[in-house]
Amino acid sequence: MTAPAGAAADPRSRADGLGWVTRAVFGDERIGLAVDRPPPPGHRAVARYAVVPSVRRARFLLPLGAPRVTAAALLAYNALRPPGVRAARAVLGGLARLGALDRAPFPTLTVSLPAGLAAADVLLAQRLAAALGGGPGYAACGVRPPDPNHKPTLQLFAADGRPRGYAKIGWNGATRALVTAEAAALRELPALAGVPGHPAAPRLLAETSWDGQVVALVEPLPPAVRGLPGGAPPAIPALLAVARRGRPPAPPRPLAGSGFLARLAGTARRAAAADPAGARAVAALAHRYGDTRVEFGHWHGDWVPWNLGRHDGRLVAWDWEHSGPDVPLGFDLAHDAFQRAVVLRGEPVGQAARAVDSRLARYGAALGLDPAARRLVADAYLMELWLRAWRLADAGAGWNPALHPALLDAVEKRRSD
């Protein structure tokens with residue numbers, strides 16, 4: 001997009017994270033944005049944000065003029081964050097409560113509109129506040145480096161600092177699909193609230209299209225939610241509850257003829273233009289495990305420690321954007337092991353695949369998986385993960401360098417082991 005005329009300090013022209021986020025949140029060209037400058041002639045200021053800690057190293061856009069909101073934006077869910085981040089936010093949050101951030105030497109981003117243009121017509125935060133009802137709202141926004149896999153997010157607050165919602169913005173083909181998928185999953189989850197062992201999940205409050213984007217507004221997490229200990233064992237009853245959705249265990253079925261294998265093969269055929277090795281790997285999977293029986297069910301799709309917490313004695317799970325039905329039971333357990341290895345321990349893909357084997361060997365029996373089924377779950381999960389990476393790349397997100405081509409190489413090596 002082209003920045004409004006005369007707005008030389010408009011951050012939307014930047015190529016960094018601040019530019020990426022402001023283009024997503026303030027995309028309408030009628031909106032004036034200026035850093036440390038007054039609004040252009042004929043505009044009225046409608047919001048101000050502290051750019052913390054600087055324009056070049058921006059990490060937060062914090063609303064100014066409402067100290068309780070500014071403090072809440074820094075302190076909400078702080079218990080879920082790493083210790084160093086938690087400490088920095090606690091200090092800034094304390095200063096914000098006293099109104100000190102309004103006087104701090106952070107750059108100030110001023111949002112302005114032409115006279116006669118209603119804020120709710122062009123400002124996403126105000127449109128979402130109107131959807132929530134109960135008066136005007138305030139928004140805070142994290143800033144991270146531009147990444148085609150990531151989604152800009154808004155935290156919405158009431159004037160007294162109460163969290164009111166969390167908005168995810170799907171801005172390209174890949175992220176629009178993820179936001180839409182999560183909204184669909186969250187619409188279904190309230191019906192499972194009474195299923196024993198099923199994790200709690202935030203409710204979907206609204207879903208809307210905005211300036212070519214897809215936006216899902218999600219209920220805030222409970223303020224007292226706490227993260228899980230790093231070494232906590234997998235919550236097997238919760239994994240089973242997610243997979244079975246209150247139904248009795250399904251009879252194991254062979255991989256051959258399953259809807260899962262048909263979807264896997266179909267996706268691999270579409271991916272063949274990018275890498276024909278994926279189609280060959282799926283064919284090899286079908287040949288090796290076609291007669292192997294396994295239970296099929298739902299999965300969360302991104303079951304990892306940073307998407308899980310505990311509140312009031314119950315497990316809470318969020319980020320359901322990869323969830324879906326009819327996958328081999330045990331995929332969430334495999335995903336947890338793989339992502340812990342890659343993300344938390346920095347291990348290469350081959351070593352992470354072995355971590356999947358170890359986790360399934362230790363806990364697979366509790367999911368009803370015999371040794372043959374455990375091998376099927378591990379290898380099928382790795383193929384599912386590679387095809388997920390392809391779907392994101394094909395939708396415009398680009399390849400995840402941590403997974404491609406290393407993941408297909410690992411799959412190929414496992415066939416020969």
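Which residue takes a positive phi in the hairpin of S14 and S15? I opened my notebook with that one, and I found Asp312, with a phi near 55 degrees. Two residues lie between the strands of this hairpin. A reminder to myself before going on: this is a predicted model.

**Entry 1: around that hairpin**

I looked up how S14 and S15 are joined, and I found four bridges with the strands running antiparallel.

I found an open sheet of three strands, ordered S10-S14-S15, with antiparallel pairing. Strand S10 (226–227) and strand S15 (314–317) are at the edges with a single partner strand each, so one side of each has no neighbour in the sheet.

I then checked the other pairing. S10 meets strand S14 (residues 308–311) through two bridges, again in the antiparallel sense. Here I noted that Gly227 has Gly309 in S14 as its bridge partner.

**Entry 2: another hairpin**

I moved on to strand S8 (residues 204–210) and strand S9 (residues 213–218), which pair in the antiparallel sense over six bridges. In this pair, I saw Leu217 of S9 standing opposite Ala206. How many residues lie between the strands of the hairpin of S8 and S9? I found two, and Asp211 takes a positive phi near 55 degrees there.

**Entry 3: the domains**

I looked up how the chain is divided: domain 1 covers 14–171 and domain 2 covers 228–416. Their C-alpha centres are 36 Å apart. For the contact, I noted five residues from domain 1 and seven residues from domain 2.

I also looked up the area buried between domain 1 and domain 2, which is about 460 Å², with 44% of it from carbon and sulfur atoms. Which three residues supply 70% of the area that domain 1 buries against domain 2? I wrote down Pro148, Asn149 and Lys168, which supply more than any other three residues.

**Entry 4: charges across the interface**

I wanted to know what else links the two domains. Three salt bridges cross the interface of domain 1 and domain 2, and I counted two residue pairs in polar contact between these domains. By class, the side of domain 1 that touches domain 2 holds two nonpolar residues, one polar residue and two charged residues.

I noted one general point here: side chains of opposite charge can pair when their charged atoms come close. The side chains of Lys168 and Glu321 form a salt bridge, at 3.5 Å from N to O.

**Entry 5: Lys168 again**

I stayed with Lys168 and looked for another partner. Glu182 also forms a salt bridge with Lys168, and their closest N and O atoms are 2.7 Å apart. Why does this pair tie together separate parts of the sequence? Glu182 belongs to helix H6 (residues 173–188) and Lys168 to strand S7 (residues 163–170), so the pair ties together parts 14 residues apart in sequence.

To finish, I looked up the count for the whole structure, and the search finds 22 salt bridges.

Definitions and conventions: Residues numbered from 1 in each chain as written. Predicted model: local features only at pLDDT ≥ 70, side-chain atom pairs only at ≥ 80, totals over all residues. Heavy atoms only, no water. Domains from an automatic or database assignment. Contact = heavy atoms within 4.5 Å. Buried area = accessible area lost by both parts, 1.4 Å probe. Salt bridge = Lys/Arg side-chain N within 4 Å of Asp/Glu carboxyl O. Polar contact = N/O pair within 3.5 Å; in protein donor to acceptor, adjacent residues only side chain to side chain. Nonpolar A, V, L, I, M, F, W, Y, C, P; charged D, E, K, R; others polar. Pairing = 2+ DSSP bridges.
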